[in-house]
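Biologist: I have not looked at this one before. Can you walk me through it?
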Amino acid sequence: MTTAPRYLGEPHADALLSGLLLLTQEVAVLRHRCAVLEAERDGRQPPSPDDSDLMPRLVDELFGRLGTTQGTTGKEDR
Amino acid sequence: MTGAALADGQTVHDALAVPTAEEAVRQNEIWTLKRKLAEEIAPELRRHYETEIVPRHVAEHGAPPADRRVIASLMAPDPRMRLFSALRRRSQEQMWDLVLTSANRQLDRLLDLAAGASAAPGSLDLDPALEIPRYLRAVDIHCMPTGYYREFAPDDVTAGALYDRGVYVYAGGQLGGLNDDKGWSVIRGYLDRHRPGWTPARILDMGCSVGHSTVPYTLRYPAAEVHAIDVAAPMLRYARARAAALGAPVHFAQRDATATGYPDASFDLVVSHILLHETSVKAVQQVLAESYRLLRPGGLMIHAEYPPFDTMDPFAQFLVEWDTTNNNEPFWSKVRTLDLVAMAATAGFDPATVHRELIPTGRRLTTGQSGSTSGGGRMQVLAASR
């Protein structure tokens, strides 16, 4: 196994970023579970697993804090 | 057999490590992150470079940055570049981890499937004594935790299952539902144009991994005997199961493309798809010499690889080179600087038959010019006739 490089200057920043990405995935899972339950309650088809805009919003937020003006946070066009 | 597609478009076949709905949600988050970085952040970095860094460099030195290495030194301290790099690296690591979790959950089924594939048309010939080249052992290529070759269970297929699903997520589906775009691009973008109506009797695909590019040759040339080699047993076991699931009669063998062991003049067509950048300069020369030895008179060699640096501007080169050190692709940059035409001539081919051209691919992410990491919708073809 090779050691992952560190890119961010602050102590633990790279590990914290990894955790943030994992946390975002789990938020997406929870949102998906809620959407499935709502669909079942309403008699609709379950939602697609790819119906999420969380990562683009996270990236915009992170780069926004560095002073850039990123693009839209709209849903990805597959 | 093939069936429906996953929600993200990957074609389902019996050997695929199909994610659960929640595994798919996690994998989709990584997919979306990768697209965001490639399609929005990389172009933003280019704008920053062109509007701020270049003018500053011109003011201080009288000229823009000379090459990709100077650009790298100028971009490295930039907080946006560092965040971009951190997100790309973590997304790559987490992508493999997510797919590996999904593949491991299905491992018993995949092992049974691979064991049962022996009755399907085609064959599998493994050589446990074959030495894995150092250039594949030295690092976890493209951060893939199994590498191509590591085994974790008897007759393991984990690395192959990981690669099949992982490549689809990595490429954002742009290699097609069966990840077979590179094979079809060579067939349609080169062979059908340069050798229309040709019917090669025996075809060899070198460095086939799980056979993504091999299977199209069985469809385009159904009368041909199609062989495919790789050094990695887990890839080949999975490739055999996958080809059986797709109904493709391929003869897989564990052999090194630098010294295959096949008799002279065994094949009419010798091909590879993005093999060269996974090897070394020495190995590339050996692969070309072996291709020459294996071809029958009138036969054709085609090695498809990512575009060379001389087809893109310095900033695109800089973005491409990111993978060399940050995505564990030690030969990713070097192969783009080689004079492959001269190397083919050194390997024995008549220089008059050797040429290089760029062919279009189905990849939608447009060019290295706008931030794609692999050369966008083009592929370099090195071709030569015996």
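**Where the chains meet**

Modeller: In this predicted model, 41 residues of chain A are in contact (heavy atoms within 4.5 Å) with 40 residues of chain B. Residues are numbered from 1 along each chain as its sequence is written, and chains are lettered from A in the order in which they are written. Local features need pLDDT of at least 70, side-chain atom pairs count only at pLDDT 80 or more, and totals for interfaces use all residues, while side-chain values use heavy atoms.

Biologist: What area do chain A and chain B bury between them?

Modeller: About 3600 Å², 60% of it on carbon and sulfur atoms. Buried area is the accessible area (1.4 Å probe) that two parts lose on being put together, summed over both.

Biologist: How many salt bridges are there between chain A and chain B?

Modeller: Four, a salt bridge being a side-chain nitrogen of Lys or Arg within 4 Å of a carboxyl oxygen of Asp or Glu. One joins A:Asp14 to B:Arg90, with the closest N and O atoms 3.2 Å apart.

Biologist: Which elements of chain A give two or more residues to the side that touches chain B?

Modeller: Helix H1 (13–42) and helix H2 (54–64) of chain A; helices are DSSP runs (H or I, at least four residues), numbered from the N terminus. H1(A) supplies the largest share of that side, twelve residues.

Biologist: Switching topic, what does UniProt annotate on residues 203–299 of chain B?

Modeller: The unreviewed UniProt entry has "domain: Methyltransferase" there, and such annotations may be inferred rather than shown by experiment. Residues 203–299 of chain B are 35% helix and 28% strand (E, at least two residues), with the end C-alpha atoms 10 Å apart.
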